[in-house]
Amino acid sequence: MIVSFLLSVMAISGTVGRANLSGLYLSLMPVGSVFAGVESPFVLRVLNRKRFFPSFLISVEVNGNQAAIFSVILPKESSEKIFYISFPDRGKVKNLSVKVMSPFPFRFFYRWKVIRPEFEVIVYPKPLKSSLREIEVSSGKRKHLRGVGNGEFFKLRNYVPGDEPKRIHWKVSARRGELFTREFTDTGEVPVVIDLQSLEGSMEEKLSRATYLILQAFRSRVPVGIRAGDFYVRPSTDESKKRQMLEFLALYGKERL
């Protein structure tokens with residue numbers, strides 16, 4: 001899922017700082033999926049479109065939180081930084097408040113502007129670890145959905161929300177400065193179908209549990225589908241089906257436009 005927007009930061013009224021903030025273009029892109037209540041990484045890119053003048057001490061806030069500070073951006077060049085945003089609720093997010101400011105050149109006061117750009121991202125339900133009780137299997141039998149793989153060690157991958165702590169490779173994570181999860185080979189699990197209504201808890205908890213089970217199934221390369229009333233997705237390991245199921249859970253009972 002890639003969401004981007006283009007912002008044109010127009011000149012701010014006044015003399016000081018006008019040349020510094022004009023001609024900047026910003027883009028924002030999530031890194032991977034976005035889950036409610038989870039700090040999700042985004043890439044913030046600032047492009048200086050001016051032909052001759054650099055921009056100094058550019059500070060960017062997103063939804064009132066400090067996102068990044070760029071010390072200098074040369075003419076016709078760009079700079080990128082990663083920052084994190086947490087959205088409290090699942091659903092479709094269309095509005096962000098972006099504040100661009102700079103104290104250059106004198107630091108006596110800031111020039112700034114608040115922008116509300118066109119923006120849209122689907123926030124999936126926060127994964128809630130399921131009891132892993134028996135769920136429906138497409139073959140008509142019943143079986144537990146297991147954790148991240150059950151066979152031999154396969155590879156390391158970046159940690160994503162919902163990974164079991166016991167699967168984290170702590171030595172590698174400490175050496176590289178970020179979390180890595182051990183992934184194991186598939187052992188031939190049979191396809192499973194998650195019945196949303198059969199899961200435990202309130203509706204929001206059901207949605208979160210279903211999200212967790214879908215993520216676990218895909219990490220284990222187990223074909224998984226979902227049934228919720230008239231909505232049905234056949235078991236699959238296709239990433240497009242994964243997005244379809246997670247989007248359904250994100251927008252369940254909400255505006256789907």
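Lys 242 is buried, at 17% relative accessible area; buried means under 20%, exposed over 50% and partly exposed in between, with a 1.4 Å probe and protein chains only. This is a predicted model, in which local features need pLDDT of at least 70, side-chain atom pairs count only at pLDDT 80 or more, and totals for chains, interfaces and linings use all residues. Residues are numbered from 1 along each chain as its sequence is written, and side-chain values use heavy atoms, with hydrogens and water left out.

View 1. The side chains of Lys 242 and Glu 239 meet in a salt bridge, at 4.0 Å from N to O. The rule asks for a side-chain nitrogen of Lys or Arg within 4 Å of a carboxyl oxygen of Asp or Glu. Both residues lie in H4, three residues apart, about one turn of the helix. Helices here are DSSP runs of H or I with at least four residues, strands are E runs of at least two, and numbering starts at the N terminus. Glu 239 is partly exposed, at 42% relative accessible area, whereas Lys 242 is buried.

**View 2. Glu 204 and Arg 90, a helix-to-loop pair.** Side chains of opposite charge can pair when their charged atoms come close. Glu 204 and Arg 90 form a salt bridge, at 2.8 Å from N to O. Glu 204 belongs to helix H3 and Arg 90 to the loop between S7 and strand S8 (91-95), so the pair ties together parts 114 residues apart in sequence. Arg 90 counts as buried, at 11% relative accessibility. Glu 204 is partly exposed, at 42% relative accessible area.

**View 3. Glu 80 and Arg 45, a strand-to-strand pair.** A salt bridge joins Glu 80 to Arg 45, with the closest N and O atoms 3.9 Å apart. Glu 80 sits in strand S7 and Arg 45 in strand S4, so this pair ties together parts 35 residues apart in sequence. Glu 80 is exposed, with a relative accessible area of 52%. Arg 45 is partly exposed, at 31%. The count of salt bridges comes to three.

View 4. H3 has 17 residues. From first C-alpha to last, H3 reaches 24 Å, close to the 24 Å expected at 1.5 Å a residue; the expected span is 1.5 Å times one less than the number of residues. The helix is mostly covered, with 14 of its 17 residues buried. Just after H3, Arg 221 takes a positive phi of about 60°.

**View 5. The largest pocket and its lining.** About 1,000 Å³ of space lies in the largest pocket. Of the 30 lining residues, the closest to the pocket centre are Gly 32, Asn 158, Tyr 159, Val 160 and Pro 161. Elements giving two or more residues to the lining are strands S4 (40-48), S7 (78-85) and S14 (153-158), with helices H3 (203-219) and H4 (239-251). H4 gives the largest share, four residues. A pocket is an open set of points on a 1 Å grid over the protein atoms alone, where a 1.4 Å probe fits, with protein on both sides within 12 Å along at least five of seven lines; lining residues have an atom within 4 Å of a point. Grid points are joined across faces, edges and corners, and the volume is the space filled by probe spheres set on them.
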